[in-house]
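This report is meant for a reader who is new to the structure shown below. Please keep the sequence and the model in view while reading.

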Amino acid sequence: MLPYGDLAYTLGAWPNHHRALNAISRYQMVSSRKGEQLRIPAECWFQRAIQFSPRDATTRMLYAMHLQKVGKLEAARAIYVEALELDSRNIQLHYNYGLLLAAMKNYPEARRHAKIAYDAEFPLPGLRNQLSRAGHWP
């Protein structure tokens with residue numbers, strides 16, 4: 001059984017359901033690798049969620065992560081900036097934005113966001129490892 005119907009139902013009832021948004025993003029990635037397209041693309045669900053709850057920084061972070069996965073790095077950067085304006089103390093947001101900045105080779109800025117995340121004891125080492133490999137940590 002395909003999960004799209006359940007995800008569409010959940011997002012129709014609760015547009016900014018974070019787990020469902022993350023799942024629709026992952027499902028779209030799998031579907032596109034198989035050459036399939038979703039009836040309603042993940043981008044539409046994310047835009048609807050942002051309109052539904054414009055002050056939800058986590059929804060914007062998930063959208064930025066989705067955009068990053070599909071290679072829209074500049075668009076992802078802009079969404080991360082909006083999310084940080086809404087919630088500058090969200091360490092997961094700083095961590096994920098740092099990952100994007102490292103992918104864009106903006107190491108000084110990536111290091112700044114990594115420092116914020118790791119000073120707040122963020123547990124995942126991926127960003128620190130990427131910065132170390134690039135010679136930008138500590």
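## The covering of helix α3

The buried residues of α3 are covered by elements that include α1, α2 and α4. Helices such as these are DSSP runs of H or I of at least four residues, numbered from the N terminus. Covering is judged by contact, which means heavy atoms within 4.5 Å. The buried residues of α3 are A42, E43, W45, F46, A49 and I50. Because they cover an arc of only 160 degrees around the axis, they lie on the same side of α3; the arc is taken from the directions that run from the helix axis to the C-beta atoms. Q51 and F52, on the other side of α3, are exposed. Buried stands for a relative accessible area under 20%, exposed for over 50%, and partly exposed for values in between, using a 1.4 Å probe and protein chains only.

The model is predicted: local features need pLDDT of at least 70, side-chain atom pairs count only at pLDDT 80 or more, and totals for chains, interfaces and linings use all residues. Residues are numbered from 1 along each chain as its sequence is written, and side-chain values use heavy atoms, with hydrogens and water left out.

E43 is found in helix α3.

The side chain of E43 does make a polar contact, at 2.9 Å, with the side chain of H66. A polar contact is a pair of N or O atoms within 3.5 Å; within protein, one must be able to donate a hydrogen and the other to accept it, and residues adjacent in sequence count only if both atoms are side-chain atoms. Apart from neighbours within four places in sequence, E43 is in contact with Q28, Y63, H66, V70 and K72.

## S25 in helix α2

S25 is located in helix α2, which spans residues 18–33. Is S25 buried or exposed? S25 is buried, because its relative accessible area is 1%. When neighbours within four places in sequence are set aside, the contacts of S25 are A42, F46, H66 and K69.

## The largest nonpolar core

A nonpolar core is a set of buried Ala, Val, Leu, Ile, Met, Phe, Trp, Tyr and Cys residues joined through side-chain atoms within 4.5 Å. The largest one has 41 residues, of which Y4, L21, I24, W45, Y80, Y95 and L127 touch the most other members. At least two residues of this core come from each of α1 (4–13), α2, α3 (42–52), α4 (57–69), α5 (73–86), α6 (91–103), α7 (107–119) and α8 (126–133). Helix α6 supplies the largest share, seven residues.

Not counting residues up to four places away in sequence, Y4 touches I24, Y27, L38, R39, I40 and W45.

## Salt bridges

R77 counts as partly exposed because its relative accessibility is 30%.

Helix α7 holds the pair E109 and R112, whose side chains meet in a salt bridge at 2.8 Å, N to O. E109 and R112 are three residues apart, so about one helical turn separates them. E109 is partly exposed at 26% relative accessibility, and R112 is partly exposed at 44%. D119 forms a salt bridge with K115, with the closest N and O atoms 2.9 Å apart. These two residues also lie in helix α7, four residues apart, about one turn of the helix. D119 counts as exposed at 56% relative accessibility, whereas K115 counts as partly exposed at 46%.

## Two separations along the chain

A103 lies in helix α6 and is partly exposed, with a relative accessibility of 44%.

A134 belongs to the segment after α8 and is partly exposed at 31% relative accessible area. A134 and Y107 are 27 residues apart along the chain, and their C-alpha atoms are separated by 8.1 Å.

Conventions. Salt bridge = Lys/Arg side-chain N within 4 Å of Asp/Glu carboxyl O.
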